Amino acid sequence: MKTVVSAIVKLIVGVIIIMVLLFVPAGTINYAGGLLFMAVLFVPMIICGLYLAVRCPALLEKRMRTKETQSGQRTVIILSALMFIAGFISAGLSFRYDFLMLPLWVSVCAGAVFLAGYILYFVVLCQNEYLSRVIEVSEGQKVIDTGMYSVVRHPMYLATVMMFTLIGLILASFVSAIIFFTYPFIIAARIKHEEIFLKKELDGYSEYIQKVKYRLIPKIY
């Protein structure tokens, strides 16, 4: 129950923060791209959270952790936070002043891909019970090398790239889209640090890297 209450509180705080960052600069809540983004982000999040609360509360608790213990990740976290803040505010201002706004069909198409990324995110959650939001190794943790993990080493990050890179397009802001296009480079830095940690701390991970060659996209990266 404590985990569920904490998840609800974090959800409400997240909704408020994003609404402030988006709709205050926009000067109105009547912002189609902003409303679409809120829908494709929070509706699946609630569904996924309810599923984890019922079927796997321990995994829900892991996904709620935000305090990184690895010093190399602090810069990545700061850059991510700056990207989201700048991306949301610039989108709101672009809407308010009608500056380099994109057509609604771009928002809808990007929103569809975002939802596909969310589906992948959920599938990966079902395949890896150790998926913490922070970089750590749990007691008794084993290398997962089946399902999506037999294709790429970081399918969860692939899902977030599909989602977060497109936020600016969902918001129909060209300026915001440029800002969010930096996300793959930020996540690549996180992956680099994470793999160094896992090779040291997780038995069998070095062998797994030899078996599964690609981090995010087969034949590319």
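Leu 125 is buried in this predicted model, with a relative accessible area of 4%. A residue counts as buried when its relative accessible area is under 20%, so Leu 125, at 4%, belongs to that class. Leu 125 lies in helix α5. Its C-alpha atom is separated by 24 Å from that of Leu 36, a residue 89 places away along the chain.

**The packing of helix α5**

Helix α5 covers residues 104–127, and it packs with helix α2, residues 32–55, at an angle of about 15°. The axes of α2 and α5 are 10 Å apart. Angles under 35 degrees count as roughly parallel, and α2 is therefore roughly parallel to α5. The crossing of the pair α2 and α5 is right-handed. On the side of α2, the contact includes Ala 32, Gly 33, Leu 36, Phe 37 and Val 40. On the side of α5, Leu 104, Ser 107, Val 108, Gly 111 and Leu 125 are among the residues that take part.

The crossing of α5 and α6 is left-handed. Leu 125 takes part here as well, and the residues of α5 in this contact also include Val 113, Phe 114, Gly 117 and Tyr 121. The partners from α6 are Pro 155, Met 156, Leu 158, Ala 159, Met 162, Met 163 and Phe 164. The contact of α5 with α6 divides into 15 nonpolar residues, one polar residue and no charged residues.

**The covering of helix α6**

How many of the 10 residues of α6 are buried? Nine of them are, and α6 is accordingly described as mostly covered. The buried residues of α6 are Pro 155, Met 156, Tyr 157, Leu 158, Ala 159, Thr 160, Val 161, Met 163 and Phe 164. Their cover includes α4, α5, α7 (167–170), α8 (174–180) and α9 (183–201).

The buried residues of α4 include Val 76, Ser 80, Met 83, Gly 87, Phe 88 and Ser 90.

Ser 90 lies in helix α4 and is buried, with a relative accessible area of 12%. Apart from residues up to four places away in sequence, Ser 90 touches Ser 173, Val 175, Ser 176 and Ile 179. Leu 21 has its place in helix α1, residues 2–26, and counts as buried at 18% relative accessibility. Although Leu 21 and Ser 90 are 69 residues apart along the chain, their C-alpha atoms are separated by 9.1 Å. With neighbours within four places in sequence left aside, Leu 21 is in contact with Ile 85, Phe 88 and Ile 89.

Most residues other than glycine have a negative phi. Which value does phi take in Asp 98? Phi of Asp 98 is near 50°, a positive value in a residue other than glycine. Asp 98 follows α4 and is placed in the loop between α4 (74–96) and α5. Lys 219, found in the segment after α10 (205–211), also has a positive phi, near 75°. Is Lys 219 buried or exposed? Lys 219 counts as exposed, at 70% relative accessibility, and Asp 98 likewise counts as exposed, at 62%.

The table gathers the relative accessibility of the residues discussed above.

| Residue | Relative accessibility | Class |
|---|---|---|
| Leu 125 | 4% | buried |
| Ser 90 | 12% | buried |
| Leu 21 | 18% | buried |
| Asp 98 | 62% | exposed |
| Lys 219 | 70% | exposed |

Notes: Residues are numbered from 1 along each chain as its sequence is written. This is a predicted model: local features need pLDDT of at least 70, side-chain atom pairs count only at pLDDT 80 or more; totals for chains, interfaces and linings use all residues. Side-chain values use heavy atoms; hydrogens and water are left out. Axes are lines fitted to C-alpha atoms, for helices over the stretch in contact, and angles run from 0 to 180 degrees between N-to-C directions. Helices (H or I, at least four residues) and strands (E, at least two) are DSSP runs, numbered from the N terminus. Angles under 35 degrees count as roughly parallel, over 145 as roughly antiparallel, 65 to 115 as roughly perpendicular and the rest as oblique. A crossing is left-handed if the near helix is turned anticlockwise from the far one by less than a right angle, and right-handed if clockwise. Contact means heavy atoms within 4.5 Å. Buried means under 20% relative accessible area, exposed over 50%, partly exposed in between (1.4 Å probe, protein chains only). Ala, Val, Leu, Ile, Met, Phe, Trp, Tyr, Cys and Pro count as nonpolar, Asp, Glu, Lys and Arg as charged, and the others, Gly among them, as polar.
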